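Colleague: Can you walk me through this one? I would like to start with the overall picture and then look at some details.

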Amino acid sequence: MKSAVIVFPGSNRETDVADAIERASGHRPIMVWHRDSELPDVDLIVLPGGFSYGDYLRTGAIAARAPIMQEVVRRADRGTAVLGICNGFQILCESGLLPGILLRNASLKFVCRYVGLKVETSQSLFTHRYQAGEVLSVPVAHGDGNYFADPATLDRLESEGRVAFRYCSMQGDLTPEANPNGSARNIAGIFNPTKNVLGLMPHPENATDELLGSISGKALFDGLVDSLA
Amino acid sequence: MATPAPAARPNDLMGLSEEEYGRVLAILGRAPSLTELGVFSVMWSEHCSYKSSKKWLRQLPTKRPWVIHGPGENAGVVDIGDGLAAIFKMESHNHPSFIEPYQGAATGVGGILRDVFTMGARPIANLNALRFGDPSHPKTRHLVAGVVAGIGGYGNCVGVPTVGGETNFHASYNGNCLVNAMTVGLAPADRIFYSKAAGPGNPVVYLGAKTGRDGIHGATMASAEFDQNSEEKRPTVQVGDPFTEKLLIEACLELMATDAIVAIQDMGAAGLTSSSVEMAGKGGLGIELDLDKVPMREPGMTAYEIMLSESQERMLMVLKPDREDVARKIFDKYELDCITIGRLTTTGNLVVKRGGKVEADMPIQPISAQAPEYDRPWTAAPRKQPLAPASVPAHDPAAALKALMACPDLASKSWIWGQYDYLVRGHTVQQPGGDAAVVRLPGSGKGLALVVDCTPRYCAADPEAGGAQAVAETWRNLTAVGATPLAITDNMNFGNPERPEIMGQFVGCIAGMRAACTALDYPVVSGNVSLYNETQGQAILPAPVIGGVGLLDDVTRTIDLSLKGPDEAIVLIGDTAGWLGQSLYVRELCGRDTVPAADSAPPPVDLAAEKRNGDFVRAAIARRQVTACHDVSDGGLLVAVAEMALAGGRGFDLKPAAADVPLHAWLFGEDQARYVVTTSDAAALLKAASTAGVPARVIGRTLASRDLTLDGRLLISLHDLRVAHEGWLPAYMAQGL
């Protein structure tokens, strides 16, 4: 699997996700600086976590308008797999590849903690190594992760099987307490209509190592290697 | 060259004393210009010159074979093997944080990060030590909210995990909160960058953010007491931009991978003044600056303002003459300013020009060589008497435990650290909430253990014992996660040194620290002093905060404090006399604040016992002979075991006290040099302890249930304990909404 991680000024989890991909695939992703005009031919494009452009203006808003994003959108439309994590999810929403928007957390505070995450579908190139309904333990670390879309959009996401993950208790219940940021319907991650684009707020790349507390995120990267190798 | 126009004898000496002003006249042989006076004022401020503390700081042990560079640089450097060095320092931002908590704390984090990456290190972890006033004080909640948001706002954005810290509350901090931030970085041991300039003619290059009028004379503010008008000092607080800092980190590290840099120094306190004077001074050279070239945020800034601005996210460096293009290309990539603003000279003078006029022309060497140094009068604190357990009421252990676990100093601080990204970079092995944080070193099997700690009420009651205890507790915390303690950074927070009793606290704490560092083979490699932490004559409880760094050769061998399986033996390492003097039990439950009015002595620190017990525990962890470990400190034995139960989600049964110690003193005494460990083979552990001459006894066992029991009698359920322990801070903060 050949992959590229797009690095914006202010990205800060690019090495975390590059490490996770390298552990899964044996290959180090190509790091692409936002001002580079060329995007190499790859199977997977990753938009990493962080604070692109300092989160100034609105999270992800400036990055979504970076020149490199035009090419990312073009590749996504042609079917290349695109994974946006945290700030990457915010950028995907701002760029129009995914519907909805990430608002300030309902608590108005940054939140860093492990959350329960329910796998809603195994029917995707990202999640096929999981069982639908499986509960993962994955950390979140964000100030703007409160997923919002109008009810019609939410209904459509659900009816089309495009909700990838929801926040849940470790018993799998979709409770308000398990929702770290106030996201609509506990939604933590969604697909585009063709399911080659996944955006999610939690950090599966920080849950790929036993020593660090959880390996719940490992199957996502292993699954991508299966799908794209 | 024209001599700068002298100002008339100024009415405002900018914080210099008459005697110090006389020194300025003697050095220059004339009256100083406004800019020159400003330079002397900041360089001779307490903050930059350490004039009241130098004499005593020199007594601390700083040299061991693994110390690559001790105090005197931007941060301390320690060899950790495999060609790697750990670079770290702690610094206070107390005064700015009290005036403007969000920006004060945020720029405190930014400043200490720059101290570390300016030496060539990638910052890998942040920690912080916070002290606020009484929770009932009207300003406390506002300060907690602002400081925590500021630390998170900056640290989260730059992508450095905030992995540990401590937070205390006490009325003595009502008018002066303490915000001490520590950064730890990692660098190749043979690629450390220093601030000593070399090569006359070499370009002096300005990097990073533009200069504005913020923070002018911040270092001088930090060297004075507060009065009722301290809020008016808000314009001297700097404003932080973590996004620019993140770019500056990446750009500097990229440039440091080339051979372009001769010397580099961040513009911290006293901004362009201290960075230029210190770099040229260390190299025995002069420096000439053309301030017209300095990137400025606003028009019309004077030489005085530019030299004294403390605008953030700026660096100054000396480049090799033919490498300016290399630097410019890298800084262009990150869209940061990189401008040559001057040259090194052989004159030995600092020459500053603005609009074609010479605004300062002054010799650099005397600024440090003839800096004032004071041997301030001091009086030792009166000796306190031990507190006999019999004179202390024996409360019901269950009620006492619940009250202590919910008191402000012991209640869970997860409301705070849950707002910090403690996971970014993907190497955090032990998270906040344990004895020490553990961070894996990428590309190696090793790990660093990191901690900050201090017990100010001990320091107030007996400065020497308190200073030793602060060092010993960090050493113990590092040991408890299996690490070998290497070295410390210190952050000395005290009141007005011109008062003999405050100076006596400082002198006493240093003596205790020196003894502990020597006995524990644990040198000081960097530090910071913050004096004048007083408001309207009320000094803070003295806080010599210690930041400790330890090494794990095999990071997978680290252990935490959580109780693991059922039916394991709980073993207490170390002696228990039942020392209740200055304990939280007395303070929280016996209706009297132990400081400063109460007269009991804090627990004595037996450094030989610390060393012996700690070395034994560390070896037992390395042998995988124990399954959990926690040091016994604030609150005593029962609190320590309860914290282990909460972390593991598992109950325990404790045996009754030793016959010669009353139950309440056994459970809540704060005797030092103690650890609680769990093991599945108590006999083997006790045998090993006996061989090593280390006191050890089985004091209970872990249970399959979630009950905490004492000799079979229920004290409290884990659930009820958790509600009390984790509920206090969120409930307190919510009252402000």
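Colleague: How many helices and strands are there in chain B?
Modeller: This is a predicted model. Chain B has 24 helices and 28 strands.

Colleague: And what is the radius of gyration of chain B?
Modeller: Chain B has 26 Å. A compact globule of 737 residues would have a radius of gyration near 27 Å, so the value agrees with that. Along the principal axes, the C-alpha atoms of chain B fill a box of roughly 85 × 50 × 50 Å.

Colleague: What percentage of chain B is buried?
Modeller: Buried residues are 63% of the 737 in chain B.

Colleague: Now the other chain. How many residues of chain B are in contact with chain A?
Modeller: 21 residues of chain B are in contact with 23 residues of chain A. On the chain B side, the elements that give two or more residues are helix H7 (140-158), helix H9 (242-256) and strand S14 (428-430).

Colleague: Which of them gives the largest share?
Modeller: H9(B), with 4 residues. By class, the side of chain B that touches chain A has 10 nonpolar, 8 polar and 3 charged residues.

Colleague: Which residues of H7(B) meet H9(B)?
Modeller: Gly153(B), Tyr154(B), Cys157(B) and Val158(B). On the H9(B) side they meet residues including Pro242(B), Phe243(B) and Ile249(B). The classes in this contact of H7(B) with H9(B) are 6 nonpolar, 1 polar and 2 charged residues.

Methods:
Residues are numbered from 1 along each chain as its sequence is written. Chains are lettered from A and ligands numbered from 1 in the order in which they are written. This is a predicted model: local features need pLDDT of at least 70, side-chain atom pairs count only at pLDDT 80 or more; totals for chains, interfaces and linings use all residues. Two residues are in contact if their C-beta atoms, placed from the backbone, lie within 7 Å. Ala, Val, Leu, Ile, Met, Phe, Trp, Tyr, Cys and Pro count as nonpolar, Asp, Glu, Lys and Arg as charged, and the others, Gly among them, as polar. The radius of gyration is taken over C-alpha atoms; the globule rule is 2.2 Å times the number of residues to the power 0.38. A residue is buried if 20 or more other C-beta atoms lie within 10 Å of its own, exposed if 12 or fewer, and partly exposed in between; C-beta atoms are placed from the backbone.
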